[in-house]
Amino acid sequence: MLPTDETKQLSFNRRIAEGDLVIVYERHDTMKAVKVIAGSVLQNRFGVYKHSEWIGKPFGSKALSNKGRFIYLLAPTPELWTLVLNHRTQILYIADISLVVMYLELVPGCVVLESGTGSGSLSTSLARAVAPSGHVYTFDFHEERAASAREDFEKTGLSNLVTVGVRDIQGEGFPDEFIGLADSVFLDLPQPWLAIPSAEKMLKQDGVLCSFSPCIEQVQRSCEVLRSSFTDIRTFEILLRSYDVREVNIKDSNEDGLVVSGSRKRRQFSQEDAEENSGHQVLARPSPEARGHTGYLTFARLKCL
Amino acid sequence: MSAIARDDAASAAEAVAVHNARVTWEGCSVLLDINDGDRLVFCRLSPAATVKIGNNNYSLRPLIGCPFGSLFQVDSGADGPFLSRVDPSSQGKEVPDSIDESKDNRALVDNNKAQTLTGEDINAMRSQGATGDEIVEALIANSATFENKTSFSQEKYRLKKQKKYAPKILVRRPFTRSICEAYFKKYPHRIGFLRVDTLSLLLSMANVTANSNILVVDTLSGILTGAVAERLGGHGHVCSAYMGGTPYSLDIVRMFNFSSEICKRIVSCSISDLSTTDTANSENNGKHVAATESQPMTLQPSDMEDVTVSLEKETSYNLTETNGSFNLKPCKSSKAGEPASAEVVRMWKESGFSSLIIGAPDIDPWSIIKGLLPLLSHSAPFAIYHQYLQPLATCMHNIQQEKLAIGLQINEPWLREFQVLPARTHPHMQMSAFGGYILSGTKICGSAG
Ligand SMILES: C[S@@+](CC[C@H](N)C(=O)[O-])C[C@H]1O[C@@H](n2cnc3c(N)ncnc32)[C@H](O)[C@@H]1O
């Protein structure tokens, strides 16, 4: 997924090849990750698509089903991956992820510790930020989840950037081998305050810790623990409001209260006037449904000694 | 092409080491956070550099070689007041643990008569070498009303006096996070009111990562270009594209501690040069260079809040990375934003850019993106920032009509900060109500592809 692998770099000349991961786009809310295998087919409500017909096309191309319906074949990115991955847990989405990466001050070469791995949604973006020379060490105490995450990082080509460990981070803390080596630590755990003392030992001076918690009580307890060795403790909530854009016909009323765009009236105008007054405008309004809460993000900086 | 695309491993490591350094050095850029964000000042550290706090100028020499995140305070010495590092073990804000409900404000009269210590008394204390903290304690001891205040107002009183008599200076790393926050707080118009969370979204939506070639249209003083360069870490390129003959200002790029390796990856090119099909056109190249030479990018003093040390004063310092493995030259500000070489422009034309970010409030998004989309590789993501919704809505509609991209979305981030304290947790009373709009999408492969 990342251009660290030169053969995976986007380019006008890059063609879909056997073994590539593609994101099949039906609609913005209907997407799927598919591994291209010459003999395979993809079947959806639009019909059957042969992978062999995809091979050799550029990414971003249309593909047709046996019924003549089309989909788009996109190159995977961490954003698209977050939308298509298998949910084995609650996951972080783009708004929280983006703020986390920015506030953790991740740059290429950084070492990040994360727990829990969950479905690997955040880990994928952490890996993108620290590539090509940094590393993400992510821990989950759930053996199958860790294994599935490992498989996913293999699939997305990130396994050289992400290492998944099975460990009870609340109980045992992060492994001692990382003491003083982490640029940043991220926690998405039910009782983050139990892991904070360990996170503190792992961080470099001035390194940033982030804890994500859905409930304010979790935040409250975490902050109490943070205050002894951390500074710059800040808690945020971030949400996205999305907008629907439509061409709508908003009618103008004339002095008599009659509708201008009526066909009888319009004949009196020149063609140009008619277009201007017919009321077709491109307008935007907030989408009526939105996610109302994901969690609180608490950031803190390790005090300098 | 691959010679450019590939990185010299050693210099890339160097780039990361300087940029991610956790200890200051002579010649490095720092962000001084004075009294918890009351003042934010970018400085370049040198033995001769000073910062003015209150009525005094303080040498920045004590800041050289200290870890980022160190806290300094004013101390009095034989040669007058100077900056000295606060012992971290004595640090730590005392936050009242709970609301003291036995006291309230009913008897409080604020008539300025409560303080018995006069200005002369304070000056006398000072000349006898009292520290700022001692003055604050004396003020508290001589306040008739302090004892009767609630613990919450006591803390407020202490903080107010501390800011005046014992200012604290925090040495922050100039990273995208701190730089964007500093500008948003003090000079938001210079960065087109781009809030840090909005910037973070632009970087995600445009899939910015090492080894990419990112096209930006940045009329926001270089904040976008700098943020992208930070994420590239010296691998790949960020191309600041401009309309007309003069590159846009990259002033903010100089606030980062970019190594020369990272600066080399920040180049500029006119949109017309990127769009012409004939790259070997020497006449074109000549024009391009001439235009760049006339650009006044490096000579203006930084106008960040009363910056006492302009970042341009730097001479050729030798930076030494703390663990001694590198001996590095600082980023000469003139290096960032040099004209893109013919070779690299040819590579972009052959391969296409990996993604595009536009932050140009004065340019109509549709008028600019329709010319730039063809320069992007197929399936490349893009993100456009704007303060107004309508131009983005129109742009989105037109892209849809012409079937140039999919996954089109307009989003507006909403960010709320919280005060978290025992029994006193609530959202901040003041918040930024607007961080801008983003139109994002993915370019699709047209019939031409
Ligand atoms: C909500 S998920 C994390 C989701 C992740 N941030 C993402 O974006 O995909 C929380 C994970 O923490 C793991 N977990 C819970 N307690 C743990 C512990 N004590 N040690 C390690 N992992 C733990 C759970 O197994 C679960 O997978």
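**Two chains, one predicted model**

Colleague: How does S12(A) pair with strand S16 of chain B, parallel or antiparallel?

Modeller: Antiparallel, over 9 bridges. S16 of chain B covers residues 405–419. Bear in mind that this is a predicted model.

Colleague: Which residue is the bridge partner of A:Leu239 there?

Modeller: B:Trp414, in S16(B).

Colleague: Zoom out. How many residues of each chain are in contact?

Modeller: 70 residues of chain A touch 81 residues of chain B. The two chains bury about 6,500 Å² between them. Carbon and sulfur atoms carry 57% of that area.

Colleague: And which residues in chain A lose the most area to chain B?

Modeller: A:Phe12, A:Met102 and A:Tyr243. Together they make up 12% of what the chain A side buries.

Colleague: How many salt bridges between chain A and chain B?

Modeller: The count is 5. One of the salt bridges joins the side chains of B:Arg172 and A:Asp232, at 2.6 Å from N to O. Polar contacts between the chains come to 26 residue pairs, with both residues at pLDDT 80 or more.

Colleague: Which elements of chain A give two or more residues to that side?

Modeller: Among the strands are S6 (70–74), S11 (203–213) and S12 (230–249). The helices include H1 (78–84), H2 (94–103) and H7 (216–226). S12(A) gives the largest share, 13 residues.

Colleague: How do the residues on that side divide into nonpolar, polar and charged?

Modeller: 39 nonpolar, 16 polar and 15 charged.

Colleague: Back to A:Asp232. Where is it found, and what about its phi?

Modeller: A:Asp232 sits in strand S12 of chain A. Its phi is positive, about 55 degrees, and it is not a glycine. Most residues other than glycine have a negative phi.

Colleague: Which peptide bonds are cis?

Modeller: One joins A:Ser115 and A:Gly116, with omega about -10 degrees. A:Gly116 lies in the loop between strand S7 (111–115) and helix H3 (121–130) of chain A. Another runs from A:Ala131 to A:Pro132, with omega near 5 degrees. A:Pro132 is in the loop between H3 and strand S8 (135–140) of chain A.

Colleague: New topic, sheets. What is the strand order in the open sheet of 4 strands in chain A?

Modeller: S2-S1-S6-S5, with antiparallel pairing. S2 (30–35) and S5 (61–64) of chain A are at the edges. Each has a single partner strand, so one side of each has no neighbour in the sheet. The twist from one strand to the next averages 35 degrees.

Colleague: How many bridges between strand S1 and S6(A)?

Modeller: 3, in the antiparallel sense. A:Val24 stands opposite A:Leu73 in S6(A).

Colleague: What order do the 5 strands of the open sheet in chain B take?

Modeller: S2-S1-S7-S5-S6, again listed with antiparallel pairing. S2 (39–44) and S6 (80–85) of chain B are the edge strands. Neighbouring strands are turned by 35 degrees against each other on average, direction ignored.

Colleague: Which residue in S7(B) is the bridge partner of B:Phe72?

Modeller: B:Ile169. Strands S5 (71–77) and S7 (168–172) of chain B run antiparallel, joined by 3 bridges.

Colleague: Which helix packs on that sheet?

Modeller: H6 of chain B, residues 176–186. H6 touches strand S1 (29–34) and S2 of chain B. The direction of H6 makes about 130 degrees with that of S2(B).

Notes
Residues are numbered from 1 along each chain as its sequence is written. Chains are lettered from A and ligands numbered from 1 in the order in which they are written. Side-chain values use heavy atoms; hydrogens and water are left out. Contact means heavy atoms within 4.5 Å. Buried area is the accessible area (1.4 Å probe) that two parts lose on being put together, summed over both. A salt bridge is a side-chain nitrogen of Lys or Arg within 4 Å of a carboxyl oxygen of Asp or Glu. A polar contact is a pair of N or O atoms within 3.5 Å; within protein, one must be able to donate a hydrogen and the other to accept it, and residues adjacent in sequence count only if both atoms are side-chain atoms. Ala, Val, Leu, Ile, Met, Phe, Trp, Tyr, Cys and Pro count as nonpolar, Asp, Glu, Lys and Arg as charged, and the others, Gly among them, as polar. Two strands pair if DSSP finds at least two bridges between them. Axes are lines fitted to C-alpha atoms, for helices over the stretch in contact, and angles run from 0 to 180 degrees between N-to-C directions.
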